[in-house]
Amino acid sequence: MAEPLFKRSGALKVAMVAGEASGDLLGAHLMAALKVRHPDIEFAGIGGPRMQAQGLYSVVPQERLAVRGYAEVLSRLPELLRIRANLRDTLIAERPDVFVGIDAPDFNLGLEKSLKKKGIRTVHYVSPSVWAWRPERVQKIGDAADRVLCLFPMEPPLYEKAGVPVTFVGHPLAGEIPLVPDTEAMREQLGLPPEGPVFALLPGSRVSEIDYLGEIFVKTARLLHERYPTAQFLVPLATRATLDAFDQMLSRLKAWDLPIRKLFGHAQMAMIASDVVLVKSGTSTLEVALTKKPMVITYKLSWLTYRLVKRKLKLPWVGLPNILLGDSVVPELLQYDATPERLAEAVAAFYDDEPAKKALNARFTALHRELKQDTAELAADAVLQVAGVPA
């Protein structure tokens, strides 16, 4: 990193790090909003293609930070520490007006703390799940960041109680997904019949998740097809690797006769076109809620990881819709409860219960309204305030 990160004297200098695709999207929206206010702004750090398209100079490819699982983190730890140390030293030398760490807390919070100690102002964008586990992290996050930007409304009170400056900016997905999705039009776009059951299956965006959940999802589809012979199944898969893994699963299970339609991406389209969604736990459960669809949430881990995670959890739910609404509005069938028989029964129960679907739609619509804010604008205002420059 011998080459200077920031090239123009007098420009507003914003350093940013986003560790994966979701952070890249948040960062790109924030950058666009900042550029409207300060056309002379400069961005440098680490980000993906969306942030780079907005003008970020990324010192390493974003993929270098995208690691999952304990084993992969341990094997890549020396490289990750070296990237962080080099970026830290460069930023301390060049002194940007503000640093914005977008999610990726394991990488960003340590970097933010080092920069803050040297007098560089810092923002952490996306609160870690302190409401779900390790709430003691709130103070540590406050030690690293001059301000925390939160996506969910139950998060700011936790920081305010600890005296940590915080801003609720809403969730960007709530601005992207229509308040009233058009299921009929989406089915027509996908070439699906307007009537008859359509189920979306979302086993995950990583090959490891396909390995754990793919067989269960396909066997669940088999049971649902026996119950609803005209049913159609949509399976959005995020990458070529997950598509190949799912194809291998279908071959092994001799399930090519099932009316399963694979989509390369287009998860939201699958959700909107469906009657009920079977979805692995994660951010995708929030997307399903914003499309106003009933869902059954599931997940499986190795038995050791499951025991470790379960011990840390502070809430009775893992799915974001249940957590955000503070109620068991959709079923969660996890680990040993995640059997094809139980999953198929839960999906069918929603499909056959019109009053339940109507009540759920009303609750999800209220949640959508609460989360729909001018996210990028609010985040830009907060970043500029921390930087000490006019908005």
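Colleague: How are α9 and α15 oriented to each other?
Modeller: In this predicted model, helix α9 (residues 207-227) and helix α15 (residues 340-351) pack at an angle of about 50°, with axes 8 Å apart. Here helices (H or I, at least four residues) and strands (E, at least two) are DSSP runs numbered from the N terminus, and axes are lines fitted to C-alpha atoms, for helices over the stretch in contact, with angles from 0 to 180 degrees between N-to-C directions. Under 35 degrees is roughly parallel, over 145 roughly antiparallel, 65 to 115 roughly perpendicular, and the rest oblique. Therefore α9 and α15 are oblique.

Colleague: What pLDDT do local features need?
Modeller: Residues are numbered from 1 along each chain as its sequence is written, and side-chain values use heavy atoms, leaving out hydrogens and water. Totals for chains, interfaces and linings use all residues, side-chain atom pairs count only at pLDDT 80 or more, and local features need pLDDT of at least 70.

Colleague: Is the crossing of α9 and α15 left-handed or right-handed?
Modeller: Look at how the near helix is turned from the far one: anticlockwise by less than a right angle is left-handed, clockwise is right-handed. The crossing of α9 past α15 is right-handed.

Colleague: How many charged residues are in the contact of α9 with α15?
Modeller: Contact means heavy atoms within 4.5 Å. From α9 come Ile 216, Lys 219, Thr 220, Leu 223, Leu 224 and Arg 227, and they meet residues of α15 including Pro 340, Glu 341 and Glu 345. The classes are nonpolar (Ala, Val, Leu, Ile, Met, Phe, Trp, Tyr, Cys, Pro), charged (Asp, Glu, Lys, Arg) and polar (the others, Gly among them). The contact has eight nonpolar residues, one polar, and charged residues numbering four.

Colleague: Which strands does α9 lie across?
Modeller: The helix α9 runs at about 160° to β11. The strands it lies across are β8 (198-202), β9, β11 and β12.

Colleague: Which strands are the edges of the six-stranded sheet?
Modeller: The order of this open sheet is β10-β9-β8-β11-β12-β13, with parallel pairing. Two strands pair if DSSP finds at least two bridges between them. The edge strands each pair on one side only, and they are β10 (260-264) and β13 (332-334).

Colleague: Which residue of β12 is the bridge partner of Val 277?
Modeller: Strand β11 (residues 276-280) pairs with β12 in the parallel sense over four bridges. The partner of Val 277 is Met 295.

Colleague: How many residues of β12 are buried?
Modeller: Buried is under 20% relative accessible area, exposed over 50%, and partly exposed in between (1.4 Å probe, protein chains only). Met 295, Ile 297 and Tyr 299 point one way from β12, Val 296 and Thr 298 the other way, and all are buried. So β12 (residues 295-299) is largely enclosed by the rest of the structure, with a buried count of five of five.

Colleague: Which strands stand at the edges of the seven-stranded sheet?
Modeller: This open sheet has the order β3-β2-β1-β4-β5-β6-β7, and the pairing is parallel. Each edge strand has a single partner, so one side of each has no neighbour in the sheet: the edges are β3 (56-58) and β7 (166-168).

Colleague: Which residue of β3 is the bridge partner of Gly 45?
Modeller: Strand β2 (residues 42-46) and β3 pair in the parallel sense over three bridges. For Gly 45, the partner is Ser 58.

Colleague: What is the angle between α17 and β6?
Modeller: Helix α17 lies across β4 (98-102), β5 (122-125), β6 (147-150) and β7. The helix runs to β6 at about 180°.

Colleague: At what angle do α1 and α17 pack?
Modeller: Helix α1 (residues 21-37) passes α17 in a right-handed crossing. Their axes are 8 Å apart, and α17 spans residues 375-387. The packing angle is about 65°.

Colleague: What is the relative accessibility of Lys 292?
Modeller: Lys 292 sits in the loop between α12 (283-290) and β12. Its phi is positive, about 70°, although Lys 292 is not a glycine. Lys 292 counts as buried because its relative accessibility is 6%.

Colleague: Which residues does Lys 372 touch, beyond those up to four places away in sequence?
Modeller: Lys 372 lies in the loop between α16 (354-371) and α17. Lys 372 is partly exposed, with a relative accessible area of 46%. The residues touched are Ala 174 and Gly 175.
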